[in-house]
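Open your viewer and keep the selection tool ready. We will go from stop to stop, and at each one you will select something and look around.

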Amino acid sequence: MSASRRFVACLAATVILLASEPVLAQAKAKQKGETKPPPDMANVSYGPHERNVMDVWKAKSDQPTPLLVFIHGGGFHAGSKEALQPYLLHGCLASGISVVAINYRLSPEVKFPAHYMDCARAIQFARSKAKDWNLDPKRVAASGGSAGAGTSLWLGFHDDMADPKNVDPVLRESTRLSCMVVFGAQSSYDPRVIKKLVGGRAHEHEALPGFYGLTSEDYETEKAYKLYEAASAINYLTRDDPPVYAYYNEARQLPANPKAGQGIHSINFGTYLKEKMDELGIECIVRHEDEQPDLAKETIGFLKKHLGLAN
């Protein structure tokens, strides 16, 4: 097989793997008969692009409520805000946590960091609506699966991107988070790191040219290395960053002959993150499906704890 055909095959396999986690979670929810209530406000525009929209559910409260921002997965090239899991939405609303689920621009129309910056703007926009929507702008969390999980971590660990002097009042708002609850999260999008963490062919996820804006000839260049490092959440981790709950359901062990990209939702990303966060004294809970955790109880409990709500 030629190098170009191998590249295309890797891309196709990796896209499927990156997109699978949130889709499976939603399918499981539907099998259980779980449904979501309609949002209080649908397709609220937070930016100029047609995909810069969010659905808003406001928790009933006399006091300003914390907020969870849900970021969908889909390998940065697919997916939508409808992937929000019903149990997560119901649990938040019952606990007094308002929720927004967002769309953002996708590859190949845009490349890194545009996906991340859309999500940052969505957080800032929600904060700008704090008074109108009865939100507490100091208590904001993020959640998502796969690409949405990696984005949540990147935003959570990144320095505040608020620009107090910006002519756009939305961009004057903070991007900082109180905590993150993530599913199938990649703590690094650097293929060199992924090769060490997961092994096999998981590192071939760099075949997503739309995310990095690279051709196959660019992968082993200084230009590419800088992008890999800039896109990886763990490279921004510092002692003042928020806590994380990370859940994984991909098999712990790769098969003898893994496919390109297989392992991209490996728990090894979570254990690597926990090692780094433990060193800094930041709470990081990493769980796997084979431990049979009560996912609803643990995730909602984690959010309540770090958003200042009594358990």
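How many residues does helix α10 have, and how far does α10 reach from its first C-alpha to its last? Select residues 295-306 to find out: α10 has 12 residues and reaches 17 Å. That is close to the 16 Å expected at 1.5 Å a residue. Keep in mind that you are looking at a predicted model.

**Around helix α10**

Stay on α10 and colour its buried residues. They are Leu295, Thr299, Ile300, Gly301, Phe302, Leu303 and Lys304. Now show what covers them. The cover includes strands β3 (65-71), β5 (135-145), β6 (179-183), β7 (244-248) and β8 (284-288), and also helix α2 (86-94). Next, select Gly308, which follows α10. Its phi is positive, near 75°.

**The whole protein**

Zoom out. The protein has 10 helices and 8 strands. Of its 311 residues, 57% are buried. Residues 24 or more positions apart account for 75% of them.

**A cluster of rings**

Select Phe76, Phe112, Tyr116, Trp154, Tyr189, Phe211, Tyr212, Tyr225, Tyr228 and Tyr236. Ring pairs link these residues into a cluster. A pair of aromatic rings is described by the distance of the centres and the angle of the planes. The count for the structure comes to 15 aromatic pairs. One of them is Tyr225 with Tyr228, at 6.3 Å centre to centre and 50° between the planes.

Where do Tyr225 and Tyr228 lie? Both are in helix α8 (residues 222-231), 3 residues apart, about one turn of the helix. An α-helix has 3.6 residues a turn, so residues three or four places apart point the same way.

Tyr225 is at 18%, so Tyr225 is buried. Tyr228 is at 1%, so Tyr228 is buried as well. Arg192 lies over the face of Tyr225, at 4.2 Å from the ring centre.

Move to Tyr116, another member of the cluster. Tyr116 sits in helix α3 and is buried, at 0% relative accessible area. Show its contacts beyond four places in sequence: Phe76, Thr151, Trp154, Leu155, Tyr189, Phe211 and Ala231. Then draw a line from Tyr116 to Gly148. They are 32 residues apart in sequence, yet their C-alpha atoms are 9.3 Å apart.

Select the loop between β4 (98-102) and α3 (114-128), and find Asn103 in it. Asn103 is buried, with 9% relative accessible area. A polar atom of the Asn103 side chain lies 2.7 Å from the backbone nitrogen of Lys81. Asn103 also touches residues including Tyr46, Arg51, His72 and Ser80.

Most residues other than glycine have a negative phi, and most peptide bonds are trans. Look for exceptions. Pro108 is in this loop, and a cis peptide bond joins Ser107 to Pro108, with omega about 5°. A cis peptide bond joins Phe112 to Pro113, with omega about 10°.

**Two positive phi values**

Select Asn134, in the loop between α4 (130-133) and β5. Its phi is positive, near 60°, and Asn134 is not a glycine. Asn134 is partly exposed, at 25%.

Jump to Gln292, in the loop between β8 and α10. Gln292 has a positive phi of about 50°. Gln292 is exposed, at 71% relative accessible area.

**Last stops**

Select Gln253, in the loop between β7 and α9 (268-279). The cut-off for exposed is over 50%. Gln253 is at 67%, so Gln253 is exposed. Gln253 and Gly263 are 10 residues apart in sequence and 8.4 Å apart in space, C-alpha to C-alpha.

Finish with the cysteines. How many disulfides does a search of the whole structure find? It finds 0. Cys179 is in no disulfide: the nearest cysteine sulfur, that of Cys92, is 9.5 Å away. Cys179 is buried, at 0% relative accessibility. Cys284 is buried too, at 3%.

Terms used: Residues are numbered from 1 along each chain as its sequence is written. This is a predicted model: local features need pLDDT of at least 70, side-chain atom pairs count only at pLDDT 80 or more; totals for chains, interfaces and linings use all residues. Side-chain values use heavy atoms; hydrogens and water are left out. Rings of Phe, Tyr and Trp (its six-membered ring) pair if their centres lie within 6.5 Å; planes under 30 degrees apart count as stacked, over 60 as edge-to-face and the rest as tilted. Helices (H or I, at least four residues) and strands (E, at least two) are DSSP runs, numbered from the N terminus. Buried means under 20% relative accessible area, exposed over 50%, partly exposed in between (1.4 Å probe, protein chains only). A charge sits over a ring if NZ of Lys or CZ of Arg is within 6 Å of the ring centre and within 35 degrees of the ring normal. A polar contact is a pair of N or O atoms within 3.5 Å; within protein, one must be able to donate a hydrogen and the other to accept it, and residues adjacent in sequence count only if both atoms are side-chain atoms. Contact means heavy atoms within 4.5 Å. The expected span of a helix is 1.5 Å times one less than its number of residues. A disulfide is a pair of cysteine sulfur atoms within 2.5 Å.
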